[in-house]
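Here are my notes on the model you passed along.

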Amino acid sequence: MIKSDAWKAEWRARIGGGRSAAAAGIHEYVTAYELYRSMVEGAEPDLCNPNMLRGIMLEPVAMQRLQMLYPDMAFEAHDQDRFIYNDAYPWASDLPDFWVSWNGQRIPVQCKVPTPDNWHRLDSAIPDYIRANCVHSVAMNESGSILLACLNPVTMDMILRVITPSHAEIDALMSAEQRFFADHIVPRIPPPLKTSSDIKLRWPTHLAGVAKIATIELERDHADLVRAKAAAKELDGQISELSDRIKIAMEDAELLLPAVGGAKPLATWRTHTARVFDLDGLKADRPDLARIYTRERTSRVFLVKTL
């Protein structure tokens with residue numbers, strides 16, 4: 001659903017449940033720096049990130065699937081234009097997907113679409129970034145509990161979990177949010193860069209002719225990197241040589257079985273067929289369409305030079 005500029009501005013101005021884990025530094029897919037850029041600089045989500053794209057596209061499907069599988073639970077949809085606020089947490093907002101009556105209490109509902117692996121692990125543990133979203137919502141709504149509904153994006157099965165965080169867990173998370181907001185958002189001071197994606201976002205292009213003089217520490221790092229790349233290249237060569245020897249021995253066999261010890265294969269060498277988009281063919285046959293759907297992407301290439 002397309003949101004108005006006013007809605008986007010309000011969403012960016014406060015920490016919502018989906019971004020709580022990023023503020024606390026425990027999100028699997030969004031760093032604190034990415035959250036800072038969104039809130040302060042108005043950066044849009046990275047739709048090339050498959051994890052981000054999965055949530056944006058499939059969470060509405062999860063909401064529909066939940067209502068289909070549990071029609072008797074009488075879910076009450078929450079107006080997604082109505083942010084929820086709490087005076088105890090002035091830096092935050094919340095947008096539950098639904099409300100439902102649970103054991104005589106009206107509690108919020110959050111629909112999520114984790115990876116299939118994370119979905120299967122829900123019986124033993126809820127991923128930190130999903131739990132943080134739930135704890136945030138409980139704090140904002142003072143509901144005591146929340147119903148978490150997780151969709152498996154492959155099988156379309158759902159798992160329901162009622163989460164009732166302790167007061168200590170709520171205080172710890174909301175304190176982390178408050179520190180992030182006070183230390184970075186209010187003074188507009190970016191948090192430390194933690195990942196390669198943070199570095200690329202901070203300095204996406206180079207300044208022609210600008211050079212930095214290496215410190216002694218950077219020269220040591222450079223020397224260590226050169227040695228590490230050389231070792232990796234040697235290791236890659238060993239891996240390639242050993243793989244080729246095994247392939248030659250297998251010939252056209254699908255499986256390599258141990259001489260003794262059962263049917264579990266040591267290796268498989270199977271034929272796979274992939275369908276790929278023929279961009280060159282499109283350019284030749286329909287150059288007009290090729291131009292419309294061709295996007296320019298800019299990146300910086302890091303090359304390590306040996307002395």
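1. Ground rules. This is a predicted model, where local features need pLDDT of at least 70 and side-chain atom pairs count only at pLDDT 80 or more, while totals for chains, interfaces and linings use all residues. Residues are numbered from 1 along each chain as its sequence is written, and side-chain values use heavy atoms, with hydrogens and water left out.

2. Strand 4, burial. Helices (H or I, at least four residues) and strands (E, at least two) are DSSP runs, numbered from the N terminus. Buried means under 20% relative accessible area, exposed over 50%, and partly exposed in between (1.4 Å probe, protein chains only). Strand 4 (residues 146-151) has 6 of its 6 residues buried, so it is largely enclosed by the rest of the structure. Each face is covered: Ile146, Leu148 and Cys150 are buried on one side, and Leu147, Ala149 and Leu151 on the other.

3. Strand 4, partners. Two strands pair if DSSP finds at least two bridges between them. Strand 3 (residues 105-112) runs parallel to strand 4, with 4 bridges joining them, and Lys112 stands opposite Cys150. Strand 5 (residues 158-163) runs antiparallel to strand 4, with 6 bridges; here Ala149 stands opposite Leu160. The hairpin of strand 4 and strand 5 has 6 residues between the strands, and in it Met156 takes a positive phi near 65 degrees.

4. Helix 6. What should the 14 residues of helix 6 (residues 128-141) span at 1.5 Å a residue? The expected span is 1.5 Å times one less than the number of residues. That should give 20 Å, and the end C-alpha atoms are 20 Å apart, which agrees. Helix 6 is mostly covered, with 12 of its 14 residues buried.

5. Two positive phi values to look at. Just after helix 6 comes Glu142, in the loop between helix 6 and strand 4. Glu142 is not a glycine, yet its phi is positive at about 50 degrees. Glu142 is exposed, at 63% relative accessible area. Ala74 also has a positive phi, of about 50 degrees, without being a glycine. Ala74 sits in the loop between helix 4 (50-69) and strand 1 (76-77) and is exposed, with a relative accessible area of 57%.

6. His78. Buried or exposed: which is His78? At 5% relative accessibility, His78 counts as buried. Its place is in the loop between strand 1 and strand 2 (98-102). The side chains of His78 and Trp99 are joined by a polar contact of 3.1 Å (a pair of N or O atoms within 3.5 Å; within protein, one must be able to donate a hydrogen and the other to accept it, and residues adjacent in sequence count only if both atoms are side-chain atoms).

7. The second largest pocket. On a 1 Å grid over the protein atoms alone, with a 1.4 Å probe, a pocket is an open set of points with protein on both sides within 12 Å along at least five of seven lines, and lining residues have an atom within 4 Å of a point. Its volume, the space filled by probe spheres set on the points, is about 1200 Å³. The lining has 24 residues, with Lys212, Leu218, Arg300, Phe302 and Leu303 nearest the centre. Helix 9 (residues 216-250) gives the most to that lining, with 5 residues.
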